[in-house]
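Dear colleague,

I am passing on the structure we spoke about, and below it I have set down what was found. Please read the notes with the model open beside them.

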Amino acid sequence: MESNRLYNLLVPIISVLLGLLFGAIIMLLFGYNPITGYVALWNGAFGDLYFAGETIVKVTPYILSGLAVAFAFRTGLFNIGVEGQVFVGWLASVWVGTALQLPMIIHLPLAILAAAVAGGLWGFVPGFLKAKFGVHEVIVSIMMNYIALYTCNAIIRNVLTDSADKTDRIAETASLSSPWLTELTFSRLHYGILIALLGAFLMWFILEKTTKGYELRSVGFNQHASQYAGMNVKSNIVLSFIISGGFAGVAGAMQGLGTFQFMSVHSGFTNIGFDGIAVALLGGNTAIGSVLAAFLFGTLKVGALNMPSAGVPEELVDIVVALIIFFVASGYIIRWVLNRMQKEGK
Amino acid sequence: MSIIDILQSIIPAAIFFAAPLIFTALGGVFSERSGVVNIGLEGLMVMGAFVAVVTNLSLASTMQELNLASLTPWISIMVAMVVSAIFSLVHAVASISFRADQVVSGVAINFLALGVSLFLVKQWYDKGQTDMVQQPFYTTDIWLLSDIPIIGPMFFSGYITSYVAILLAFVVWFVLYKTPFGLRLRSVGEHPMAADTNGIHVTKMRYIGVVLSGALGGLGGAVYALTIALNFSHATISGQGFMALAAMIFGKWHPLGAMGAALFFGFAQSLSVVSASIPLLENVPQVYLLIAPYVLTILALAGFIGRADAPKALGTPYIKGSR
């Protein structure tokens, strides 16, 4: 058991190092200096307060979308629909943020709650259809992504504005940004990161400390055993998808109430949801793991924007991220090598 | 506009949009029937589209001189198939030999394909997207058949690749259900231990399944690139692979079902494109037509298609000797 824990920590760390190593090899092969490349990446992510602020801005929705994917995974469900749930959450938060006039203490929580409810509703559909009709949740989630994309665009154009491409700015009372943080970093840094961390705590608490969480995890381990033990598998599936969608919706609220303060018409997906899959996987589908993985991916993505200053195409980072996921997936082979090394040492 | 005119504009468009999905979904059928989840279809399409466009651009001038310009797209899709098949080995090695979580490995494939292709586009063209392809596929009238009144222009005046796609679905059906190879491939996806006991090489069959999905996914991406997109950028393939995955599940992991589902998606997509010129539909707000294919798919799944059971051993690595 002890050593298992150790491996669970070692595998992601080794994967990250291997990913970075292969990234360096690719840079060498194409005639770039990997050291200057990675230094540029580091400076682009943490070089000064502005970059550090932007990194945290990127990390915030990643944490929540990672939590969303991870939560469903723990119940044995694959929520590939986080993308769409982010969209509806974003729209709902901006809608509440622009349409209502309320004191901040009500307005801001209400806007975030609206996002969670919208995301939860969007998650309810695949969960319900899975539980009731046994329809594969992946296919319904994918369809719901497209429905969210086109519906949100239509609502922005026809309901919230008069054929404009983006909504009005949200009211100050619904905003997560603070003049203090803006002056400090000159970035778009906002208080959303605190909400994301709170979300991580919430997920940990629900799954590890409540009876319902125990049921959810149990269904994830073995549906039949859970059924036999008297748990309602179907209602747990639906609940898991609703909570997962709720997290995703709040990720959208981070964009709407924090980073952008409005929502514009999108021609394609934001990739917050799809990147959330990577975050959850690297984080081992745990709350704390998702937070750490979100920080890593956020850092890599924002830092990458600075890599062209060292002559390296920023797309290199996407290769590194892919390799990290690949190595995490191949944990079995890493364990095997570690085991061999341990035995040789004895 | 008469009903025949409407059908004559919708049906060719439907087949045109469906072709890349058919190829890719058939690839998915091979992989998942052998027991390997392939959520990396999106990435395989990206790779196929990228290789096809790059091959096409690099060969264009040479082929022009040789007076063989009409062969360029064919060579391009062949190269794309081969490269994507090799690329899919990454997924095969991870999920079969390294016993990786197949969903995770598939996600990695999606990221990797996009990263590698965009990185190389930056390297080779020094910009975010390639130039437009000069020698894509063109529509052709099929000899004699296209002269049939009414149905000729509807069905027999289009891209040859579309007909190849539909034919291929029947070929795949034959291979999977009428040949010993197909029986073996399906058996390792249902009950690998029983298959192994009968002397079927489980690992080998699964490798074949994944590599075939790589080739067909690459083909799908290549056909998309050379008939619809005509260049390659980060947005060329955005979700078509997932749609193909959906088509495969919708079609219940059956080649002809997958083809039917892909044609349905193509039909719905063409409706939203040509709706402006159709009397009944011209006043419907566009958003309803845009979301129609997705809503209809969900309703169809919930209503009369119902439960779809995946191959039994889907997603579980085969470990010799374990029960």
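Two residues are taken to be in contact if their C-beta atoms, placed from the backbone, lie within 7 Å. Please keep in mind throughout that this is a predicted model.

The domain assignment divides chain A into domain 1, made of 1-32 + 312-346, and domain 2, which covers 49-306. The C-alpha centres of domain 1 and domain 2 of chain A are 28 Å apart, and ten residues of domain 1 of chain A are in contact with ten residues of domain 2 of chain A. On the domain 1 side of this contact in chain A, α1 (2-29) and α14 (316-329) each supply at least two residues, and α14(A) gives the most, with six residues. By class, that side of domain 1 of chain A has eight nonpolar residues, one polar and one charged.

As for α14(A) itself, this helix has 14 residues and reaches 20 Å from its first C-alpha to its last, which is close to the 20 Å expected at 1.5 Å a residue. Because 14 of its 14 residues are buried, α14(A) is largely enclosed by the rest of the structure.

Turning to the two chains, 37 residues of chain B are in contact with 36 residues of chain A. On the chain B side, α4 (102-125), α10 (240-250) and α12 (286-305) each supply at least two residues, with α4(B) giving the most, namely 14 residues. The residues on that side of chain B divide into 27 nonpolar, six polar and four charged.

With best wishes

Terms used: Residues are numbered from 1 along each chain as its sequence is written. Chains are lettered from A and ligands numbered from 1 in the order in which they are written. This is a predicted model: local features need pLDDT of at least 70, side-chain atom pairs count only at pLDDT 80 or more; totals for chains, interfaces and linings use all residues. Domain bounds come from an automatic or database domain assignment. Helices (H or I, at least four residues) and strands (E, at least two) are DSSP runs, numbered from the N terminus. Ala, Val, Leu, Ile, Met, Phe, Trp, Tyr, Cys and Pro count as nonpolar, Asp, Glu, Lys and Arg as charged, and the others, Gly among them, as polar. The expected span of a helix is 1.5 Å times one less than its number of residues. A residue is buried if 20 or more other C-beta atoms lie within 10 Å of its own, exposed if 12 or fewer, and partly exposed in between; C-beta atoms are placed from the backbone.
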